[in-house]
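Take a look at the fold below.

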Amino acid sequence: MFDMKNSVFIFLILIVALSLLGATDANCAPEKYAVLFNGGYQTSSNYAAYLNDTRQMYDVLLNIYEFPEENIFIFQSDGQDPADDCRFIDSGNNPYYVNSPWDLDGDSDNDIEAGAATSTNLFAKFDDLSNTMDSDDIFYFWATDHGQDTADDPPDYKSGLCGWGSTSFSDADFASSVAGFNVDTEMYVFGQCYSGGFIDNLTGENRMVVTAADHDESSWSYYYTPTQEYAWGSYINDDTDGSTFLNKWAKGLSGPADADEDGNISIDEAFTYAEANDICGPIYDRGDPPNPPIEYLEHPQYDDYSDIGGLVSMNGWIGGSVPEPLSLFPGLILAAYLVFGVRILPKR
Ligand SMILES: [Ca+2]
Ligand SMILES: [Ca+2]
Ligand SMILES: [Ca+2]
Ligand SMILES: [Ca+2]
């Protein structure tokens, strides 16, 4: 027999339970925030590789790790200035200049909204975020760019990161600008020359710092003639212009870096993959004769002060939702060399 009283009671219990579930979810889920910085320095040296790096990293954050679009802040060269700012190369190896796209994923919604890539804009965003983020959140910073070696005397390892308009800022100023963060875990990834010099300034509790090069050396990117643009949704930048370390960092995070195949890509695994597959790195098998030539050498660095890199992924502490591993197509790398004739250039 239908019991109206019981039905209403059960219905109410269900409503309360569902609303509690919803409330629990909203309060406990760590939020993920990311800042991507593509300084460019100036039009003549703002290589298409940096644009490709940025689009690849954004693609991985947005679509593999599902960072909320509104929590990803991208500083790209001249921001929303319609002037040409990015260096492309034609089939005759001659440079020409284009206006960097503001809509990186082609959904007609601009993704470059954070302003020009200057220290003023960047540090102002860090100020905003220090008030927004809380103690269970994840913060991810990533930079592709030129860098400067301002003074190479230990223990300071003074390095700079270049911004738009022929500007730069120091490792110490960068570290000061993020000192107020009170979050669960922080990850910093730098692709520029002399990027290893940022480690001594940033190292700290629950922070992981990854750099493409040591404090006293160049990092490398490569280009094709003509310029090959990143294909949105591929997560792979092997056969397009790109930075040799960052390219593999983002690719590894999209799936291939999961060495133990547990469905999680720890930051340890991501670094191990990127270092091993960096064609200018110390481990990569360049063949005989070496290709690329051995003088194009960088030593990626990884600082993990609290020794948590094996326990944390881009989703936070391992145990959350995980990306599906993608299959690898190593043949593409060789094909690109044969067809286009890859060229390597220093990022400085
Ligand atoms: Ca522009
Ligand atoms: Ca968009
Ligand atoms: Ca330093
Ligand atoms: Ca794993």
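**From the whole to the details**

In this predicted model, buried residues make up 46% of the 348 residues in the protein. The chain forms eight helices and 16 strands.

Next, the backbone. Most peptide bonds are trans, and most residues other than glycine have a negative phi. Keep both rules in mind for what follows.

Start with the peptide bonds. The bond from Thr225 to Pro226 is cis, with omega near 0°. Where is Pro226 found? Look in the loop between strand S11 (220-223) and strand S12 (242-243). The bond from Asn291 to Pro292 is also cis, with omega near 5°. Pro292 is found in the loop between helix H7 (267-277) and strand S13 (301-304).

Now for phi. Tyr194 is not a glycine, yet its phi is positive, near 65°. Find Tyr194 in the loop between strand S9 (185-190) and helix H5 (199-202). Is Tyr194 buried or exposed? Tyr194 has 30 other C-beta atoms within 10 Å, so it counts as buried. The cut-off for buried is 20 or more.

Glu261 is not a glycine either, and its phi is positive, about 55°. Glu261 sits in the loop between helix H6 (244-253) and H7. Why does Glu261 count as exposed? Because it has 7 C-beta neighbours inside 10 Å, and a residue is exposed with 12 or fewer. To sum up the pair: Tyr194 is buried, whereas Glu261 is exposed.

Technical notes:
Residues are numbered from 1 along each chain as its sequence is written. Chains are lettered from A and ligands numbered from 1 in the order in which they are written. This is a predicted model: local features need pLDDT of at least 70, side-chain atom pairs count only at pLDDT 80 or more; totals for chains, interfaces and linings use all residues. Helices (H or I, at least four residues) and strands (E, at least two) are DSSP runs, numbered from the N terminus.
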